[in-house]
Amino acid sequence: MKSNTRQILLNVTGSIVFLSLPILFSPDLTNPDGFIHIKGFQRDFIGYFLLFLFFYLNYLILLPEFFFRKKYFMFTLSVIACFALIIILPNLPAGSENPVFFPNDQSVTHPFPKAHFDYHHMRFFIPDLKARFIGFLLMLTFSFLLKISMRLKQTEKEKLNAELSYLKAQINPHFLFNTLNSIYALAINKSDETPTAIVKLSGMMRYVISESDQHFVSLDKEINYVSDYIELQRLRLENTVSVHCSLNGNPEGKQIAPLIFIPFIENAFKHGVNPEENSCIAIGINITLQEIHLKVHNNKVHHANVENTVREMGMDNAISRLQLLYPGKHELIIDDKPNYFSVELTINIL
């Protein structure tokens, strides 16, 4: 919405400035009551106005309807016709000629001061083909470059959406698989927490289905999703792992990309838990006015079958999403040591 408003304001401002040029550069600007009636000014203003119309005609209609659809003959014919109109229309008769100053005829009433009737205003206006041609080329080139730029941005946006959709398609089934495994473990142990876990899973999947197709969601919802995931893991692991969580700051009114934190938190639970070892996971989220800081730390433990490829895929996807959604606005520090693994992520949300 902000981008559309900015685009409208730029177009309106540019149009006003461009149509003001023949007024600002008129040699008769000192006579505001009379210069608009001078044929020279009328011709110049009509010429500028026609160039202005051609710019938007080319940008909105000719380029998308003819040029980009490879109808080059129709495009060329339309451009030539527009150029001919820009040359001819400003020089068509528009009422009577300006009064000519006759110095020896005292009976003639002059509506304008004598000083304004020099040769510059008495000459018959001959089309300045060179100036008009240069102006026409500028409008043609500028509208073409602007349209190309807009199409490239649109293509880039569509590519970004496609890449994000692909990354989410890889992430979401991975979450579902791991969460169902957690509930399955509770059911096998006939835990009384199984119904609670199912309710939390239901809420998590509702969030994934309804919110994950958005580029940005409320930070409150994302933190609730993370909290449900952590609580679900706590139910499954019971007392076999020490989980420390902290949240500082106010998430209200802030937005974040959906599912951006989960791969790092999930990685800690998947590869930092072993009932026979010292399993400790620490998760902290700190929120300021400008930034969101996530820190995840887990001890490294041994597993019989460590799915390194799955871990790498989840982490790689998270890194790719960060680069797509927060280019130049995030910092990711991964510290992979022999006895622990930690991630620090800082995102600028302004």
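Lys337 and Asp335 form a salt bridge, their closest N and O atoms being 2.7 Å apart; the term covers a side-chain nitrogen of Lys or Arg within 4 Å of a carboxyl oxygen of Asp or Glu. This is a predicted model, where local features need pLDDT of at least 70 and side-chain atom pairs count only at pLDDT 80 or more, while totals for chains, interfaces and linings use all residues. Residues are numbered from 1 along each chain as its sequence is written, and side-chain values use heavy atoms, with hydrogens and water left out.

**Salt bridges**

- The structure holds 5 salt bridges.
- In the Lys337 and Asp335 pair, Lys337 is partly exposed at 36% relative accessible area, and Asp335 is partly exposed too, at 22% (buried is under 20%, exposed over 50%, partly exposed in between, with a 1.4 Å probe and protein chains only).
- Asp336 and Lys300 also meet in a salt bridge, at 2.3 Å from N to O.
- Asp336 sits in strand β6 (residues 330–336) and Lys300 in the loop between β5 (291–299) and α9 (308–325), so this pair ties together parts 36 residues apart in sequence; helices (H or I, at least four residues) and strands (E, at least two) are DSSP runs, numbered from the N terminus.
- Both partners are partly exposed: Asp336 has a relative accessible area of 46%, and Lys300 has 32%.
- Lys200 and Asp228 pair up at 3.6 Å, N to O.
- That bridge links distant parts of the chain, with Lys200 in helix α6 (residues 194–211) and Asp228 in helix α7, 28 residues apart.

**Aromatic rings**

- There are 15 aromatic pairs, counted for rings of Phe, Tyr and Trp (its six-membered ring) with centres within 6.5 Å; planes under 30 degrees apart are stacked, over 60 edge-to-face, and the rest tilted.
- Phe54 and Phe136 are a stacked pair, with 4.5 Å centre to centre and 25° between the planes.
- Phe54 belongs to helix α2 (residues 39–67) and Phe136 to helix α5 (residues 129–188), 82 residues apart; both are buried.
- Tyr229 and Phe269 have ring centres 6.1 Å apart and planes at 75°, so they count as edge-to-face.
- Here the link runs from Tyr229 in helix α7 (residues 219–237) to Phe269 in helix α8 (residues 262–271), 40 residues apart, and both residues are buried.
- Ring pairs also join Phe49, Phe52, Phe55, Tyr56, Tyr59 and Phe142 into a cluster.

**Charges over rings**

- Lys147 lies over the face of Tyr59, 4.4 Å from the ring centre; the rule asks for NZ of Lys or CZ of Arg within 6 Å of the ring centre and within 35 degrees of the ring normal.
- Arg151 lies over the face of Phe68, at 4.0 Å from the ring centre.

- Most residues other than glycine have a negative phi.
- Lys70, not a glycine, has a positive phi of about 65°; Lys70 is in the loop between α2 and α3 and counts as exposed at 65% relative accessibility.
- Leu259, also not a glycine, has a positive phi of about 60°; Leu259 lies in the loop between β3 (255–256) and α8 and is buried, at 1%.

**Cysteines**

- A search of the whole structure turns up 0 disulfides (cysteine sulfur atoms within 2.5 Å).
- Cys82 counts as buried at 14% relative accessibility, whereas Cys245 is partly exposed at 39%.
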